[in-house]
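Hi,

Here is the structure I promised to pass on to you. Have a look at it first, and then read on for what was found in it.

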Amino acid sequence: MMNKKIRSIVLVILCTLFTSVAQVLYKKASGYITLDDPWALLSNYYLLGGMALYAVGAVLLIVALRHGNVSLLYPIIATSYVWVTLLSKYIFGESIEALRWLGVFSIILGISFIAFGEKEPMPLGVEA
Amino acid sequence: MATQVWAIGLVLLASFIGSSGPIFLKKFSPSLTLNIKSLWNKWFIFGFIAYVLGTILFIPALKGGDLSVLYPLVATTYLWVCLWSVKFLQEKMNVQKWLGVALIFCGVALIGLGS
């Protein structure tokens, strides 16, 4: 029987994979947004794609929240910064500054503190 | 470009509003089923609106400033979510978790500086 806390954390990390790609799409989308034509937003495929991925991420997050505290699971969303950095380096070939790697490390450390600092028993009576 | 004040205000507002999203989704979470009608639920709708508002406010702000300034501002979301969780969801924070939040905040600030 898998620990519910671990399962929730894994679900959230999976969620961040989707939202990270969505963030990349949003960044591309912002380059196409003008104030002249708000309806153009509807044909902004980067925006639509980002929203779709966010939707999938949301479902994963909601399922995770059934069995985990928000104060535990939401900070784990910061994992998306890790994914975006890795995506930037290995997919888009960007060079990553040392400061950014330091930031990534600090985030991972912070998430570990929270994960191990979460002492509450997971909520009862909420079965997946 | 120097970060515009409007962009700072926009990001702070986006983070504040967006931080209510996870709280609403937590309230909604027991009600999610495979039936899409389960989404017709006040908690989901509030949460959805919170996330959409937060996103809509945030995207234009990206054009108005440095990531080195905007990123830490976005990171205030984590602070709000933890505060709301204590107040509205009866969750418990402790020194270790707050330290973790602080480390995440520093990490985000460093990433903003390094971008």
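Let me start with one residue: B:Val74 sits in helix H4 of chain B, residues 67-74. Helices here are DSSP runs of H or I with at least four residues, strands are runs of E with at least two, and both are numbered from the N terminus.

Before going further, a word on the ground rules: this is a predicted model, in which local features need pLDDT of at least 70 and side-chain atom pairs count only at pLDDT 80 or more, while totals for chains, interfaces and linings use all residues. Residues are numbered from 1 along each chain as its sequence is written, chains are lettered from A and ligands numbered from 1 in the order in which they are written, and side-chain values use heavy atoms, with hydrogens and water left out.

Back to B:Val74. Its relative accessibility is 18%, so B:Val74 counts as buried (buried is under 20% relative accessible area, exposed over 50%, partly exposed in between, with a 1.4 Å probe and protein chains only). Neighbours within four places in sequence aside, B:Val74 is in contact with A:Tyr81, B:Val11, B:Ser15 and B:Phe58 (contact means heavy atoms within 4.5 Å). B:Val108 lies 34 residues from B:Val74 in sequence, and their C-alpha atoms are 8.6 Å apart.

Beyond four places in sequence, A:Tyr81 is in contact with A:Val104 and A:Ile107, and across in chain B with B:Tyr71, B:Val74, B:Tyr78, B:Val108 and B:Ile111. The largest nonpolar core has 46 residues, and A:Leu73, A:Tyr81 and B:Tyr78 touch the most other members. Such a core is a set of buried Ala, Val, Leu, Ile, Met, Phe, Trp, Tyr and Cys residues joined through side-chain atoms within 4.5 Å.

How much area is buried between chain A and chain B? About 3500 Å², with carbon and sulfur atoms giving 71% of it; buried area is the accessible area (1.4 Å probe) that two parts lose on being put together, summed over both. A:Ile62, A:Tyr74 and A:Tyr81 supply 19% of what chain A buries against chain B, more than any other three residues. Each chain brings 40 residues to the contact.

There is one salt bridge between the chains. The side chains of A:Glu118 and B:Lys97 meet in a salt bridge at 2.4 Å, N to O (the term asks for a side-chain nitrogen of Lys or Arg within 4 Å of a carboxyl oxygen of Asp or Glu). On the side of chain A that touches chain B, helices H1 (4-30), H2 (45-65), H3 (70-76) and H5 (98-117) of chain A each supply at least two residues. H5(A) gives the most, with 14 residues.

Another residue to look up is B:Ser85, in helix H5 of chain B, residues 76-89. Because its relative accessibility is 0%, B:Ser85 counts as buried. Apart from residues up to four places away in sequence, B:Ser85 touches A:Val70, A:Ser71, B:Ile23, B:Gln90 and B:Glu91.

Chain A has five helices and zero strands, and 44% of its 128 residues are buried. Chain B has six helices and zero strands, and 47% of its 115 residues count as buried.

Enjoy exploring!
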